[in-house]
Amino acid sequence: MLGLTVLPLLMLAGASLGFSIVVALLAACTAGLLIMRWPVSGLFFCLACVLLIEQNPLQFHIGTDQLNIFYWPPNMAGMIERPIGFLMLFTLFMSICHRLAKRRPALEGGPLLWPFILFLVCVAIGVLHGLTTGGDLKITVLEVRPLWYLFLSYLLAYNLISQLRHVRLFLWFAIFGAGFKGLQGCYIYFFVLHGDLTNQNEIMSHEESFFFVSILLLIILFCLLYSYRPQLYAALAVLPVVLIALVANKRRADYIALIVGVLVAWAFVFYLKPQLRKPLLAGLVICTLLGVGYVLAFAHGTGSLAEPARAIVSVIDPSASDTRDQASNAYRNAENYDLKYTVQQNPLLGLGFGKQFLQPEPLPVLASDDPDFGGNPYLYVPHNTIYWIWMRLGPAGYIAFWFLLGSLIVRGGLIARQLQDPYLRLIAVYVIAITFMEVMVAYADYQLFFYRNVIYLGLLAGLLMRLPALERGRSAQQAAQKSMPTAPQTHAVLSEVS
């Protein structure tokens with residue numbers, strides 16, 4: 001009876017508002033009810049959005065890029081917050097309500113709270129400085145939003161991840177998310193482009209390749225540090241489609257980031273497992289020789305097999321025939337020069353947010369149709385988002401930024417050394433390596449401006465800081481179980497009492 005009453009109303013609403021909006025509202029209401037009952041579900045909704053849904057529409061539509069999670073439809077554009085931001089804020093609010101109902105502190109900041117506060121104070125100064133010197137408010141909000149999301153996602157993970165199964169579920173999401181996006185990439189490569197990547201700079205979003213190489217790093221850690229077989233087998237099962245999509249997406253910086261991440265992981269394994277040091281050294285030598293041989297053999301080759309080698313070499317020395325990589329390198333060099341010059345002209349507080357950086361060396365126009373940035377977004381947010389932080393905030397903000405990342409890495413290293421649970425230790429090393437990879441890609445490819453990347457890093461940072469408490473809680477639970485008398489013992493005690 002209820003269905004017969006609701007269905008006509010839904011049909012009427014769909015006819016007047018649009019069926020896609022009605023479906024979105026129903027999904028939002030369902031998610032909201034689940035978050036009200038179990039706030040941790042909101043964290044995994046956020047994680048699913050990060051892993052599965054694109055920040056902007058793609059050249060080749062694959063369904064997920066049309067979902068309004070990281071951007072609004074045109075008729076709703078201009079709102080101060082994006083749907084993903086509302087989702088995180090609502091989840092955090094419900095978490096606070098549940099904690100207060102249990103007479104617990106509203107929120108816990110964890111070990112990274114003060115480094116985050118120091119950095120956000122510098123960001124606030126950059127906002128005020130920019131607005132008082134001619135910065136555009138709308139552009140300022142766009143620039144600051146990913147930095148706010150980094151902090152917000154950290155708070156979510158630190159306050160909501162409370163059990164070991166949450167950590168395992170987090171990795172399951174990462175593995176199957178990469179597998180799903182890999183299938184989408186294979187669909188574009190084989191069925192849309194018919195295997196022809198000519199004149200294609202990428203087939204998916206830039207940030208997708210980062211999630212692909214993160215799965216490769218995870219597989220290596222499973223092999224070197226701790227083999228949790230269910231997730232290792234699952235990661236190996238999705239590996240073929242991940243590799244195909246990674247190669248077809250042509251993002252050079254992510255190959256370099258993967259090498260750095262593997263070296264960081266190798267160093268931690270070398271320290272944490274002294275019994276494996278000789279095999280690790282031998283493996284490093286063999287892999288280095290094979291890797292160098294592969295790059296030398298295929299650096300100027302053709303075809304998909306040679307694509308990673310060409311990408312690695314092109315970062316330093318693109319071939320004369322590769323006009324795309326030559327132009328890309330030249331643009332980035334000029335851009336970095338302009339950013340350094342802007343810093344030199346604003347040595348104390350930086351340029352502030354909301355203004356174009358200076359161009360003593362003029363840059364070619366890469367885009368002119370982005371209404372959010374008044375045309376060309378690349379004159380506000382450069383490829384090198386590490387220098388972007390420096391240019392916007394000046395030396396004090398730049399130091400605060402590195403203090404935040406350094407605190408994450410150093411505390412993560414201490415946590416990895418102290419943990420006894422091999423699975424939790426693997427997670428700690430994974431997060432530290434991902435942080436290094438994030439920095440490497442941020443030097444070349446907007447990494448700190450992509451919502452998906454910064455939210456993922458924030459969630460991982462919060463998860464990492466929770467690992468010691470999870471291990472202590474598990475140890476206390478196991479000790480309590482051991483101290484409990486068994487059934488026969490309990491019966492004997494009761495008999496003596498009676």
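Predicted model: local features only at pLDDT ≥ 70, side-chain atom pairs only at ≥ 80, totals over all residues.
View 1. Sorted by class, the lining of the second largest cavity comes out as eight nonpolar residues, one polar and no charged.

**View 2. The largest cavity, with a volume of about 80 Å³.** Here the lining is made of Phe119, Leu147, Leu150, Ile386, Phe401, Leu404, Leu405, Glu438, Val439, Leu448, Val454 and Leu457. Two or more residues each come from α6 (137–160), α14, α15 (422–442) and α16 (451–483). Which of these helices gives the most to the lining? That's α14, with four residues. By class, this lining has 11 nonpolar residues, no polar ones and one charged. If you're keeping a tally, the count is four cavities of 30 Å³ or more.

**View 3. Helix α14, bent at glycine 394.** This helix runs over residues 385–418, and a straight helix of 34 residues would span 50 Å at 1.5 Å a residue. Check the ends, though: the end C-alpha atoms of α14 span only 33 Å. At glycine 394 the helix bends by about 130°, and proline 395 follows within four residues. Now zoom in on the start of α14, where a side-chain oxygen of asparagine 384 comes to within 3.1 Å of the backbone nitrogen of isoleucine 386.

**View 4. Helix α16, with a bend of about 40° at leucine 467.** How far apart are the end C-alpha atoms of α16? They are 47 Å apart, which agrees with the 48 Å that its 33 residues should span at 1.5 Å a residue.

**View 5. Phenylalanine 211 and tyrosine 456, an aromatic pair.** A search of the whole structure turns up 28 aromatic pairs, and this view picks out the one formed by phenylalanine 211 and tyrosine 456. To describe a pair of aromatic rings, you give the distance of the centres and the angle of the planes. For phenylalanine 211 and tyrosine 456, that's 5.3 Å centre to centre and 80° between the planes, so the pair is edge-to-face, a label that needs an angle over 60 degrees. Phenylalanine 211 sits in helix α8 (residues 206–224) and tyrosine 456 in helix α16, so the pair ties together parts that are 245 residues apart in sequence.

Technical notes: Residues numbered from 1 in each chain as written. Heavy atoms only, no water. Expected span 1.5 Å × (residues − 1). Bend = angle between axes of the 7 residues up to and from the residue. Polar contact = N/O pair within 3.5 Å; in protein donor to acceptor, adjacent residues only side chain to side chain. 1 Å grid on protein atoms, 1.4 Å probe; cavity = no way out; pocket = protein on both sides within 12 Å on 5 of 7 lines; lining within 4 Å. Points joined across faces, edges and corners; volume = space filled by probe spheres on them. Nonpolar A, V, L, I, M, F, W, Y, C, P; charged D, E, K, R; others polar. Phe/Tyr/Trp six-rings, centres within 6.5 Å; stacked < 30°, edge-to-face > 60°.
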